[in-house]
Amino acid sequence: MESQSSAAQDPQARRRHTQSVYIGGVGVGGNNPVRVQSMTNTPTHDVPATLGQIRTLAAAGCEIVRVAVPDETAAATLSDLCAAAPVPLVADIHFDSRLAVQAVEAGIAGLRINPGNIGSAREVDRVVDAASARGVPIRIGVNSGSVEKGLLERFGGPTPEAMVESALSHVTLLEKRGFSQIKISLKSSSVLDTVHAYQRMADRVSYPLHIGVTEAGTPLRGAVKSGVGLGILLWEGVGDTVRVSLTGDPADEMVAAWELLRSLGLRSRGPEIISCPTCGRTEIDLIGLAQAVERRLRPVETVCKVAVMGCVVNGPGEAREADIGIAGGRDCGIIFRKGKVIRKVHGDANLLPVFMEEVRRFLAEWGVELPEEL
Ligand code: SF4
């Protein structure tokens, strides 16, 4: 069978040409890489908690963070959050145009609104004018649950077509005001509806698309649903910024988002952990070891391969491909670097500390210092 050409296997080469917008200093669309974003789930008005989560997300590779602004109290904290956040913030606002204007005045880097629920035409204009004056992009965020009644009747429900028409009507409202710093999202909890909606939209406009499957679910199920939906779109070259929505710790969204981009060869960040599923040959606590290694290496940005294998059947093979690896034996482990045995460790309890010592030494040679507490 003829092998596929490398271009056919390269979603980067297929990326849709889009306009670019800037969320603070972070370019989205155009020639910029696919951006990774998430949303805090702390009460926004709780500045220490929200800032703490923003910093955790940023340390895990989040490039843009969205915060909900449900009321005046939340809006009043935005200037403090914007001043201290290490990455640009986007304010997510519904039903109250005054909050959107207030967010812009507080220095927010982007707005996410649904013009259909933000108020009258005059109120939409007021938000657009404020955003325009400060160069703040607006994401038009349509969810399947927010499609207007008329469109639901016309299309027989929140179909992909209805979502696209809803977003386009909102785009028109902004364009009429001479505003073009637009991003669009069309999220549904149905993976296939989400994919179809974005595919249709990609044919209609050149604005950058923020892609995501909404209400995807708890981490395991949600990561699979998002991986399928976003994977199809990114493979086709559609999507300028991603969010993997999970019911859980937003930091888990980073793991899923970066693994998704890495799998498609679009972007890489941090160590790739190669670990086996374990089987009847496993004689160490490999699951605990792999989870602990992954957790400790989360803050590391350096791209490398780390293998954590259950036995010496496949361990050495994987370790040969990895930069550093460990393969378990009977109450012991063998540590490899680039396929060569460098150390044998006895006692299950010693595997993690000794392996981390070797990982730390390996990373130090690459100029990366792991914090001592890891
Ligand atoms: S590496 Fe060894 S322990 Fe792990 S699944 Fe393969 S055979 Fe089993």
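Where does glutamate 369 lie relative to helix 13 (348-365)? Select glutamate 369: this residue sits in the segment after helix 13. Helices (H or I, at least four residues) and strands (E, at least two) are DSSP runs, numbered from the N terminus.

Before going on, some ground rules. The model is predicted, with local features needing pLDDT of at least 70 and side-chain atom pairs counting only at pLDDT 80 or more, while totals for chains, interfaces and linings use all residues. Residues are numbered from 1 along each chain as its sequence is written, and side-chain values use heavy atoms, leaving out hydrogens and water.

**Stop 1: glutamate 369**

Stay on glutamate 369. Its relative accessible area is 65%, so it is exposed (over 50%; buried is under 20%, partly exposed in between, with a 1.4 Å probe and protein chains only).

**Stop 2: arginine 267**

Select arginine 267, in the loop between helix 10 (250-263) and strand 11 (271-275). Its relative accessibility is 19%, so arginine 267 counts as buried. Show its contacts (heavy atoms within 4.5 Å). Not counting residues up to four places away in sequence, arginine 267 touches Pro33, Val34, Arg35, Val36, Glu63, Trp258, Leu261 and Arg262.

**Stop 3: helix 1 and helix 10**

Select helix 1 (residues 47-59) together with helix 10. Their axes come within 9 Å and cross at roughly 15°. Axes are lines fitted to C-alpha atoms, for helices over the stretch in contact, and angles run from 0 to 180 degrees between N-to-C directions. Helix 1 and helix 10 are therefore roughly parallel (under 35 degrees; over 145 is roughly antiparallel, 65 to 115 roughly perpendicular, and the rest oblique). Gln53, Thr56 and Leu57 of helix 1 meet Pro250, Ala251 and Met254 of helix 10. By class, this contact has four nonpolar, two polar and no charged residues. Ala, Val, Leu, Ile, Met, Phe, Trp, Tyr, Cys and Pro count as nonpolar, Asp, Glu, Lys and Arg as charged, and the others, Gly among them, as polar.

**Stop 4: helix 4 and helix 5**

Next, select helix 4 (residues 97-105) and helix 5 (residues 121-134). They pack at about 5°, with axes 9 Å apart. Helix 4 and helix 5 are therefore roughly parallel as well. On helix 4, look for Ser97, Ala100, Val101, Val104 and Glu105; on helix 5, for Glu123, Arg126, Val127, Ala130, Ala131 and Arg134. This contact holds six nonpolar, one polar and four charged residues.

**Stop 5: helix 7 and helix 8**

How do helix 7 (residues 160-176) and helix 8 (residues 191-204) cross? Their axes come within 8 Å, at roughly 45°. That makes helix 7 oblique to helix 8. The contact of helix 7 with helix 8 divides into seven nonpolar, one polar and five charged residues.

**Stop 6: lysine 225**

Move to lysine 225 in helix 9 (residues 219-235). At 28% relative accessibility, lysine 225 counts as partly exposed. Neighbours within four places aside, its contacts are Ser189, Val191, Val213, Glu215 and Ala216.

**Last stop: the ligand**

Finish on the ligand. Around it are Cys276, Pro277, Thr278, Cys279, Arg281, Thr282, Met309, Gly310, Cys311 and Asn314, each with a heavy atom within 4 Å. This shell divides into five nonpolar, four polar and one charged.
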